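Try each task before reading its solution.

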Amino acid sequence: MLTRPSMEGDLLSTTLATMKLAALNITTIEAGGRWAMELPAAPVLRLQVVLHGECWIAVAGEKKKHHFRAGDCFLLPHEKGLTIASDLSVKKRQPLRRLIRHPQDGVVSLVCNEGRDFFAAGSAFQLEGHFQDLVFSRLPALIHVPADADHAAVLRWAIERFAVEVRNARPGRALMLSHLLPIMLLQVLRGYLATAAGDRNWLVALSEPRLSRALAAMQSDPARSWSLDGLARTAGLSRAGFALNFKKWIGVTPMEYLTQWRVQLACELLREADRRIAEVASAVGYESESAFSVAFTRIVGQRPGSYRRGASD
């Protein structure tokens, strides 16, 4: 009998699963000659792999420019626009609406100058809820994994398979791509972690044993009546040391983190029409419906009942 591998103890997997990580349509980019295109900001994670040629990328609001060659890939973890070009000095930049070709077999093509000098492919990833802001907000504006990176062996294999599937409409293509894309995303994140010395964010904190113990405790048992003292003991730190380090690494206080995780879980429970709001409140650790409603409204921007009605429409 086949069994599913357990996610217990794997905080990255359980968090992404709770946020319902899903890859959207495959997108390809083709260009030739001297070209430049502008892609608007979008509330998704963007992953692209350069399969042929090279390009430059500038992320809106960032000074650093990035150069990519065949085999390189990048992840844009924030809702920011970007310019992709053969040369960033090209003044005439084509907007998205002029680039889109009619989707074929679920693949959306962006074509600039009808050329074949450059070819890239990738996907956008969608996540549900607000918790992604906390998970990804402190990541770099763009994560670049070069083709020849020592730590990217599995990613290179996935890219090779991805390229074959994108270019050839074989039976089972959609299922293959739906499995390859999450693998590529996770390998890019792992690649970032291999070079993230000095960075302070949620993802890097997963490799910090004391903080990761506290994060895992809160997320695995959100209904528990956690206190700052109890979380500090779980982490093996003093109360002051734990509070200081948590805020430095994650960007919010431990209790705010707990509140945001509880509300993320509550959003999923509220979509189950047969659950009363009081039951949802209790399931995520609130003793009163009113306290839950205040916390939920502050983070989501609407009351639990309104959120549930909107989700069911």
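The exercises below concern a predicted model.

**Exercise 1. Strand β10 and its neighbours**

Task: Decide how far strand β10 is enclosed, and find which strands pair with it.

Solution: 
- Step 1. Locate the strand. β10 covers residues 107-112.
- Step 2. Apply the burial cut-off, which is under 20% relative accessible area. Six of the six residues in β10 are buried, so the strand is largely enclosed by the rest of the structure.
- Step 3. Sort the side chains by direction. In a regular strand they alternate between the two faces of the sheet. Val107, Ser109 and Val111 point one way from β10. Val108, Leu110 and Cys112 point the other way.
- Step 4. Take the parallel partner. Strand β1 (residues 22-31) pairs with β10 over six bridges, in the parallel sense. Here isoleucine 29 has leucine 110 as its bridge partner.
- Step 5. Take the antiparallel partner. Strand β9 (residues 100-104) pairs with β10 over three bridges. Isoleucine 100 stands opposite leucine 110.
- Step 6. Check the connection. β9 and β10 form a hairpin, with two residues between them. In the turn, aspartate 105 has a positive phi of about 55°.

**Exercise 2. Salt bridges**

Task: How many salt bridges does a search of the whole structure find?

Solution: 
- Step 1. Count. The search finds 10 salt bridges.
- Step 2. Look at glutamate 30 and arginine 116. Their side chains meet at 3.1 Å, N to O. The pair links distant parts of the chain, 86 residues apart. Glutamate 30 is in strand β1, and arginine 116 is in the loop between β10 and β11.
- Step 3. Classify that pair. Glutamate 30 is buried, because its relative accessible area is 12%. Arginine 116 is exposed, because its relative accessibility is 66%.
- Step 4. Move to lysine 80 and glutamate 62. Their salt bridge spans 2.7 Å, N to O. Lysine 80 lies in the loop between β6 and β7, and glutamate 62 in the loop between β4 and β5, so the pair ties together parts that are 18 residues apart in sequence.
- Step 5. Classify them. Lysine 80 has 25% relative accessible area, so this residue is partly exposed. Glutamate 62 has 31%, so this residue is partly exposed.
- Step 6. Finish with glutamate 208 and arginine 210. Their side chains meet at 3.5 Å, N to O. Glutamate 208 counts as buried at 15%. Arginine 210 is partly exposed at 37%.

**Exercise 3. Proline 182**

Task: Where does proline 182 lie, and which residues does proline 182 touch, not counting residues up to four places away in sequence?

Solution: 
- Step 1. Proline 182 is in helix α4, which runs over residues 173-194.
- Step 2. Relative accessibility is 25%, so proline 182 counts as partly exposed.
- Step 3. List the contacts. Under that sequence limit, proline 182 touches Phe125 and Leu177.
- Step 4. Compare sequence and space. Proline 182 and glycine 301 are 119 residues apart in sequence. Their C-alpha atoms are 30 Å apart.

**Exercise 4. A nonpolar patch**

Task: Which residues make the nonpolar surface patch of about 270 Å²?

Solution: 
- Step 1. Name the members. The patch is made by Val154, Trp157 and Ile183.
- Step 2. Valine 154 belongs to helix α3 (residues 153-167).

Technical notes: Residues numbered from 1 in each chain as written. Predicted model: local features only at pLDDT ≥ 70, side-chain atom pairs only at ≥ 80, totals over all residues. Heavy atoms only, no water. Helix = DSSP H or I, 4+ residues; strand = E, 2+ residues; numbered from the N terminus. Buried < 20%, exposed > 50% of the residue type's maximum accessible area, 1.4 Å probe, protein only. Contact = heavy atoms within 4.5 Å. Pairing = 2+ DSSP bridges. Patch = residues over 30% accessible without salt bridge, like charges linked within 9 Å, V, L, I, M, F, W, Y side chains within 5 Å. Areas by Shrake-Rupley, 256 points an atom, 1.4 Å probe, with all protein chains shown as cover. Salt bridge = Lys/Arg side-chain N within 4 Å of Asp/Glu carboxyl O.
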